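Student: Can we go through this one together? I'd like to start with the loops and then move to the sheet.

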Amino acid sequence: MTVTGGVRVARRECRRVWVGRVAVGGGAPVSVQSMTKTPTADVDATLRQIAELTAAGCDIVRVAVPSQDDADALASIAGRSPIPVIADVHFQPRYVFAAIDAGCAGVRVNPGNIKRFDDRVADIASAARDRGVPIRIGVNAGSLDPRLLAKHHGKAGPEALVESALWEASLFAEHDFHDVKISVKHHDPVVMMAAYEQLAAQCDYPLHVGVTEAGPEFQGVIKSAVAFGVLLREGIGDTIRVSLSAHPVREVKAGIGILESLGLRPRRLEIISCPSCGRAQVDVHRLTEQVAAAFEGFPAPIRVAVMGCVVNGPGEAREADIGVSSGNGKGQIFVRGQVVATVPEHRIVETLLDQALALTGTTAGPSV
């Protein structure tokens with residue numbers, strides 16, 4: 001049971017698997033994943049990107065393995081990465097074994113595009129069991145098994161996605177291998193949500209939730225936030241990835257933001273700001289951007305209110321840890337509901353930051 005905003009949310013009961021040191025499922029906190037966008041064979045570039053993702057709060061990282069050169073790089077990457085590494089394998093089953101031997105914390109396989117995958121399940125299960133490596137069965141609408149696609153009249157709908165995932169999971173279960181996670185991704189969040197809801201009702205495997213090919217950042221974040229919000233509110237989802245045509249750090253920040261908004265991860269920085277209107281006597285948009293920049297990487301969780309007029313300003317500012325209600329070239333500064341100062345507009349940001357540091361007992365400025 002998780003409490004979000006005073007509302008109890010029953011998490012779906014499921015098995016737990018361990019991806020390195022990160023628990024997935026079984027009531028563990030929802031983890032955030034991303035995927036490097038460098039050539040995996042370029043070990044230094046890939047490790048630099050993993051370091052960036054780790055600094056942004058990523059829990060698990062995935063790397064693509066499309067070639068033998070990439071497979072050969074896995075041992076170095078997995079051994080030096082600060083967070084667990086999952087190998088993403090398509091087409092060639094031999095790379096699954098290479099990833100397991102290299103010490104990867106997990107392997108993602110896409111049964112729909114690995115030739116004769118069903119015939120290799122026994123060997124994969126044996127190798128993964130010996131090394132304690134979980135397998136993610138990653139079903140995608142764009143690469144569904146042709147046999148299932150034909151059965152479902154060429155439509156990769158929720159039923160087809162779920163049938164594919166459960167069939168492959170059953171093959172692993174036949175070999176007494178249950179360290180399995182499942183994803184059933186689709187670019188349409190409505191189809192994707194239906195697939196995960198059906199899957200959640202029919203199995204007890206932990207679920208990796210994502211909208212695949214979600215698009216550029218603005219569109220992709222909206223699609224993911226809508227779909228994740230519904231599913232996580234229903235207790236469905238144990239690890240997430242926001243897939244964006246953008247730098248992977250943006251994926252991690254979006255994923256963390258979604259979890260924070262749902263109360264599934266402690267908030268770090270939350271800025272409450274008004275949208276501005278004709279009543280505003282200050283440039284709220286500019287002021288909010290300045291406050292966000294000043295508090296980037298603030299070393300303690302904090303809620304900051306930036307308001308532009310007297311209608312909701314004082315009330316919202318009082319609800320925050322610190323806040324400002326602005327107008328007539330000055331700002332009234334609140335700390336935990338009490339007015340502590342009135343300062344000129346040009347001193348609002350520095351005063352908010354000073355008050356925040358004092359309130360949290362932080363002696364150093366935010367890390368940027």
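Student: Which loop does Phe91 lie in?
Tutor: This is a predicted model. In it, Phe91 lies in the loop between β7 (85–89) and α3 (94–101).

Student: What is its phi, roughly?
Tutor: Phi of Phe91 is positive, about 70°, although the residue is not a glycine.

Student: Is Phe91 buried or exposed?
Tutor: Phe91 has a relative accessible area of 53%, and the cut-off for exposed is over 50%, so Phe91 counts as exposed.

Student: What about His153, where does that sit?
Tutor: His153 is in the loop between α5 (146–151) and α6 (158–174). Its phi is also a positive value, near 60°, and His153 is not a glycine.

Student: And is His153 buried or exposed?
Tutor: His153 is exposed, with a relative accessible area of 72%.

Student: On to the sheet. What is the strand order in the open sheet of 8 strands?
Tutor: The order is β10-β9-β8-β7-β6-β5-β12-β11, with parallel pairing.

Student: Which strands stand at the edges?
Tutor: β10 (180–185) and β11 (208–209) do. Each has a single partner strand, so one side of each is left without a neighbour in the sheet.

Student: How many bridges are there between β5 and β12?
Tutor: Strand β5 (residues 31–35) pairs with strand β12 (residues 239–241) over 3 bridges, in the parallel sense. Within that pair, Gln33 of the chain stands opposite Arg241 in β12.

Student: Which helix lies across β5 and β12?
Tutor: That is α9, which runs at about 165° to β5.

Student: Glu260, which helix is that in?
Tutor: Glu260 is in α9 too, which covers residues 248–261.

Student: Buried or exposed?
Tutor: Glu260 is buried, with a relative accessible area of 9%.

Student: What is Glu260 in contact with, leaving aside neighbours within four places in sequence?
Tutor: Arg265, Pro266, Arg267 and Arg268.

Student: Now the whole chain. How many helices and strands?
Tutor: The protein chain has 12 helices and 17 strands. Its C-alpha atoms fill a box of roughly 75 × 40 × 35 Å along the principal axes.

Student: What share of the residues is buried?
Tutor: Buried residues make up 54% of the 368 in the protein chain. The accessible surface comes to about 16100 Å², with 52% of that belonging to carbon and sulfur atoms.

Student: And how many charged side chains, positive and negative?
Tutor: There are 38 positive and 40 negative side chains, and the centres of the two sets lie 3 Å apart.

How values were computed:
Residues numbered from 1 in each chain as written. Predicted model: local features only at pLDDT ≥ 70, side-chain atom pairs only at ≥ 80, totals over all residues. Heavy atoms only, no water. Helix = DSSP H or I, 4+ residues; strand = E, 2+ residues; numbered from the N terminus. Buried < 20%, exposed > 50% of the residue type's maximum accessible area, 1.4 Å probe, protein only. Contact = heavy atoms within 4.5 Å. Pairing = 2+ DSSP bridges. Axes fitted to C-alpha atoms, helices over the stretch in contact; angles between N-to-C directions. Areas by Shrake-Rupley, 256 points an atom, 1.4 Å probe, with all protein chains shown as cover. Lys, Arg positive; Asp, Glu negative; His and termini not counted. Charge placed at Lys NZ, Arg CZ, Asp CG, Glu CD.
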